[in-house]
Amino acid sequence: MGKIIDGKALSQIVKDEVKAEVQELETRYGRKPCLAVIIVGENPASQVYVRNKVKAAAYTGMESRLVELPADTSEEALLQQITALNNDPLTDGILVQLPLPPHIDEEKVIDTISHGKDVDGFHPLNVAGLWQGKDCIVPCTPAGIMRMLDSIGIELKGKKAVVVGRSNIVGKPVAKLLLDRNATVTIAHSRTQDLGEVCRSADVLVVAVGKARLVKGDMIKPGAVVIDVGMNRDEEGKLCGDVDFASAEPVSSWITPVPGGVGPMTIAMLMKNTIACFLSHQKDY
Ligand code: NDP
């Protein structure tokens, strides 16, 4: 029977760590870190994510600024807003909630955020830093996954890790982080042949695909650790992961639930990244 990696409980621990750090930083530097969150338009899912991010920031005691822009905001106006925040010494982190309306070029937006304020870790300089093994801001979801693996005390060195999905925000960065910990990493994707066989080779299986319950128990090696990144709605509108929890849980040694797994960790690591950005701007650090 798989033991549950409780993302909700672990995220609470991380947020409490951040809360203590915020207090220390305020004592040392005379101000709290500040996260600016920009949302363009009224995508209901994005509104929920943004609300949760601002709520988490408030919990940790850091400052936050919510910038809500109408859906018809021009690309130029958004870039100007980002530039103003880049130049604001009291703003430490900038997050632009994705997806953006189709008339706005996401890549341009990501490139415009100063890489030292890029709390999402999506800026090309942070991506390059990750792949070159330099100190940089690591995307929140992959960072949260690593923290979850550390929480169960697994030694990754020499383990076979399979990451299903190769997106820039989850699959690729988490594969690199696993590689950095000396796991032997395979990345699977939509053109992978015999996904079941590839998955069954994994001691650690990370699934970030966006397909409800794609990975079933018979695709999992007995005793594997399973991290389910997916956030999907099934036919009945119920929130579910990319892994079929009912059949996977009895086979795995550890497994993350959906909801209450990777999702809350992503937000907690965003708070950590805001602290890292704040510190990178302090002259004596
Ligand atoms: P993307 O859509 O960007 O990438 C999906 C990846 O899955 C692609 O690489 C694609 O392959 C691969 N894929 C699609 N279908 C299959 C298949 N049948 N077999 C194998 N691989 C397949 O998704 P994201 O990485 O952004 O997100 C993945 C999931 O994670 C989503 O459900 C998303 O909502 C969730 N998510 C959750 C977060 C959280 O905090 N919990 C944060 C971010 C995402 P190819 O490259 O060949 O097209």
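**Chat about the ligand site and an aromatic pair**

Me: How far is the ligand's oxygen atom from an N or O atom in the side chain of S167?

Reply: That distance is 2.6 Å, and a polar contact is a pair of N or O atoms within 3.5 Å. This is a predicted model, where local features need pLDDT of at least 70, side-chain atom pairs count only at pLDDT 80 or more, and totals for chains, interfaces and linings use all residues. Residues are numbered from 1 along each chain as its sequence is written, and side-chain values use heavy atoms, with hydrogens and water left out.

Me: And what does the backbone of M231 do?

Reply: A polar backbone atom of M231 is 3.0 Å from an oxygen atom of the ligand.

Me: How much of the ligand does the protein bury?

Reply: The protein buries 72% of the 930 Å² that the ligand exposes when taken alone (Shrake-Rupley method, 1.4 Å probe).

Me: New topic. How many aromatic pairs are there in the whole structure?

Reply: A search finds one, with rings pairing if their centres lie within 6.5 Å. The ring centres of Y29 and F278 are 5.6 Å apart and the planes are at 70 degrees, so the pair is edge-to-face (planes over 60 degrees apart).

Me: Are Y29 and F278 buried or exposed?

Reply: Y29 counts as buried at 19% relative accessibility, and F278 counts as buried at 0%. Buried means under 20% relative accessible area (1.4 Å probe, protein chains only).

Notes. A polar contact is a pair of N or O atoms within 3.5 Å; within protein, one must be able to donate a hydrogen and the other to accept it, and residues adjacent in sequence count only if both atoms are side-chain atoms. Rings of Phe, Tyr and Trp (its six-membered ring) pair if their centres lie within 6.5 Å; planes under 30 degrees apart count as stacked, over 60 as edge-to-face and the rest as tilted. Buried means under 20% relative accessible area, exposed over 50%, partly exposed in between (1.4 Å probe, protein chains only).
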